[in-house]
Amino acid sequence: MALLAQKLSNTIPYALNENPVFKSKIKLLICSTNGPIIRENKKSTSILYDSLIENGISLDKKELLKFKSANKNVIDYFVKRHHALDSFKYKNKYTLQAKVLDHKYKINKSFEHNLLLRYILNDNSVELTNKDIPNYFNYLRTNGIKVALITEYSHALQDALVQKFNLDNCIDAYAMSNIEPVKPDFNNAIYDIMSKLNIFNTREVCTVGCTKFDILKSIHANVGLIVSILSSNNKKEDVYNMSEDLIIEDITNLDLVGFDKWNYYI
C-alpha cells in the first residue's frame, strides 16, 4: 500500500486517504457532464440570472457566485426564498406549494431553452475541458471500463451536448440526475446506468464530479471510488472537506487501467 500511495502521489495531483479503487476493479466510470467534461465559461450563470429576473425573482448577480454551478437546485433556492413570506397569504399550504412548483417550472423551462439555443448555435464559449477527453474515454473502453455521463439538465440539453461534441462515439450511456437528495430515488441515475450496462456491484463504479452534491450522491450510492475535479469554482480547502477519495485537476489525469499507460496512449 505504501508503494501504491507513492505511485498515486507521483501521478495524481492530489491523493486523499488510501485509494480503495484497487480493492475491487473498476468497471464503470460515471462523470458529471458540467464541470469535469464541459466548460461553459460562466455563460450558464448569466443565462440563469436572466431567467430568474425575467420570471420575477429579485437578486444580485453576485449571489449566484456562491453556487458552484447553475442548475435546478439553485433555482429551487431562489424561488423558495422569493415565496418565503407567502405562507401568510394562503390558508391552504397546498395552494402555496402549487404556486412554487409552477414558478420553478417556468424558470427551468426558460433556463433550459436559453441554454439549448447556446448549444445549437455552436457557441464557442461552451467547450470540452480537455480536447483529449474523447480519446481518453475510448482508451478506458478498449481496456474494459465502460463510460457514462450524468447531468442535472434535461434530456434535450444532454442530447445537445453529446451531439455537439460527438461524445456518443466514446461513451456507453448517459442519464439525467435527480437534484433532490431527500427523495427516495436520489441515486436512480447511477443505478439506472449500472442496470443498463450490466454492472451490479456499486464498488466497481467510479464517479467524477465537482460539486458537493456530486460527492453526496456517490457516498449515498456507496461507489468504489469518488473523485473530485478541482476547478476554478472550487477552493482547494473546500474540496478537501467533501469526503472524496481523490482530487484531480483534469479528468484525463485519472487512469483506472494502469497509471502510466494513458500518458503513452496520447
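**Basis of the entries.** I worked on a predicted model, in which local features need pLDDT of at least 70 and side-chain atom pairs count only at pLDDT 80 or more, while totals for chains, interfaces and linings use all residues. I number residues from 1 along each chain as its sequence is written, and side-chain values use heavy atoms, with hydrogens and water left out.

**Salt bridges.** I counted a salt bridge where a side-chain nitrogen of Lys or Arg lies within 4 Å of a carboxyl oxygen of Asp or Glu. On that criterion the structure holds nine.

I then examined the partner of K27, which is E204, at 3.4 Å from N to O. Helices (H or I, at least four residues) and strands (E, at least two) are DSSP runs, numbered from the N terminus. I noted E204 as buried, at 15% relative accessibility.

Next I looked up K104 and D76, whose side chains form a salt bridge at 2.6 Å, N to O. K104 belongs to helix α4 (residues 93–120) and D76 to helix α3 (residues 72–82), so the pair ties together parts 28 residues apart in sequence. Both K104 and D76 are buried.

I also recorded the salt bridge of R141 with D172, at 3.3 Å, N to O. R141 is in helix α5 (residues 133–142) and D172 in the loop between α6 (155–164) and β6 (173–176), 31 residues apart. R141 is partly exposed at 28%, and D172 is partly exposed at 31%. Through shared partners, salt bridges join D76, K80 and K104 into one network.

**Strand β8.** I turned to β8 (residues 225–229) and found five of its five residues buried. L225, V227 and I229 point one way, and I226 and S228 the other.

I treated two strands as paired if DSSP finds at least two bridges between them. β7 and β8 run parallel, joined by four bridges, and V208 has V227 as its bridge partner in β8. From β7 the chain passes through helix α8 (residues 212–221) to β8 in a right-handed β-α-β crossover; that is, with the strands pointing away from the viewer, the path from the first strand over the helix to the second runs clockwise. β8 also runs parallel to β9 (residues 246–248), with three bridges; there S228 is partnered with I247.

Notes:
Buried < 20%, exposed > 50% of the residue type's maximum accessible area, 1.4 Å probe, protein only.
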